[in-house]
Structure formats: C-alpha cells, structure tokens
Amino acid sequence: MKRVSKKMATQKREEAKLKKWMVEQSGGVLGIEDRGVATCAKCGKWRWVGKHEIIPRSLGGDPLDLENCILLCDPCNDWEKEHPVQRTMRKEDFPFRGPL
C-alpha cells in the first residue's frame, strides 16, 4: 500500500468535509462511508454523488474551491472524465447545479 503524505492526507480530509457540506447544502442525504445522495448537477437525477472538479487539478483547478466543485453522479462524472474535449468547464453550464 502506498503511503500518503501528511499534506495529501490533510487535503483529502478537507475535500471530504467540503463534499459533506455540499451534499447537505443541496438538500441531499449523507450515507455510509461519506457517500451522499443528492441531485446530480448534470442529469438532474437523485443519485449517489461525488464531488467533481470542473477544472481538474492537472489544469490548475483547486479541489477545495467551491466555485470549482460540483456534485455529479457516477455516470455523469465518468462521462466528464472520458470526454475531455467536450467536458463542461463552467459551473453555470450545469443545468441542475442547485443553490451552490
């Protein structure tokens, strides 16, 4: 098992807190293992969601910036990752982004 640096461990904890807050603010429900059920910002379905970074870290995006994060279900998150050219790069372009 690969060791995680203290810096990365701290960042992962902060990301988990941000995701929890985002799920709660969107009217979602927290489940087991920090998984949340909420409305997906892309398809609008009530599903298990994860925190998606609109601008990925590899392109300079900040994983802790609320303006760079959105809740997506697994299928929509997978689509965004598999289609880097067509991916949505602005928060306002997600049709079901909710109050965040």
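Reply: Start with a pair of strands: S3 and S4 are antiparallel partners joined by 5 bridges. Two strands pair if DSSP finds at least two bridges between them; strands (E, at least two residues) and helices (H or I, at least four) are DSSP runs, numbered from the N terminus. In this pair, Glu 53 stands opposite Cys 69 of S4. This is a predicted model, in which local features need pLDDT of at least 70 and side-chain atom pairs count only at pLDDT 80 or more, while totals for chains, interfaces and linings use all residues. Residues are numbered from 1 along each chain as its sequence is written, and side-chain values use heavy atoms, with hydrogens and water left out.

Me: In what order do the strands of the sheet come?

Reply: The order is S1-S2-S3-S4, an open sheet of 4 strands with antiparallel pairing. Strand S1 (29-30) and strand S4 (69-73) each have a single partner strand, so one side of each lacks a neighbour in the sheet. Helix H1 (residues 6-25) packs on the sheet and touches S1, S2, S3 and S4. Contact means heavy atoms within 4.5 Å. The direction of H1 makes about 135° with that of S3; axes are lines fitted to C-alpha atoms, for helices over the stretch in contact, and angles run from 0 to 180 degrees between N-to-C directions.

Me: How many bridges join S2 to S3?

Reply: Strand S2 (residues 36-39) and strand S3 (residues 46-53) run antiparallel and are joined by 4 bridges. Ala 38, for instance, has Arg 47 in S3 as its bridge partner.

Me: Which residues of S4 are buried on each side?

Reply: Buried means under 20% relative accessible area, exposed over 50%, and partly exposed in between (1.4 Å probe, protein chains only). In S4, Cys 69, Leu 71 and Cys 73 are buried on one side, and Ile 70 and Leu 72 on the other.

Me: What lies across S3 and S4?

Reply: Helix H2 (residues 74-82) does, running at about 115° to S4. Asn 77 is in this helix and, at 13% relative accessibility, counts as buried. Leaving aside neighbours within four places in sequence, Asn 77 is in contact with His 52 and Leu 72.

Me: Which side chain of opposite charge is nearest to Lys 91?

Reply: A salt bridge is a side-chain nitrogen of Lys or Arg within 4 Å of a carboxyl oxygen of Asp or Glu. Lys 91, in the segment after H2, is buried without one: Glu 67, the nearest side chain of opposite charge, is 4.8 Å away. The Lys 91 side chain does reach the backbone oxygen of Leu 66, at 2.8 Å.

Methods
Lys, Arg positive; Asp, Glu negative; His and termini not counted. Polar contact = N/O pair within 3.5 Å; in protein donor to acceptor, adjacent residues only side chain to side chain.
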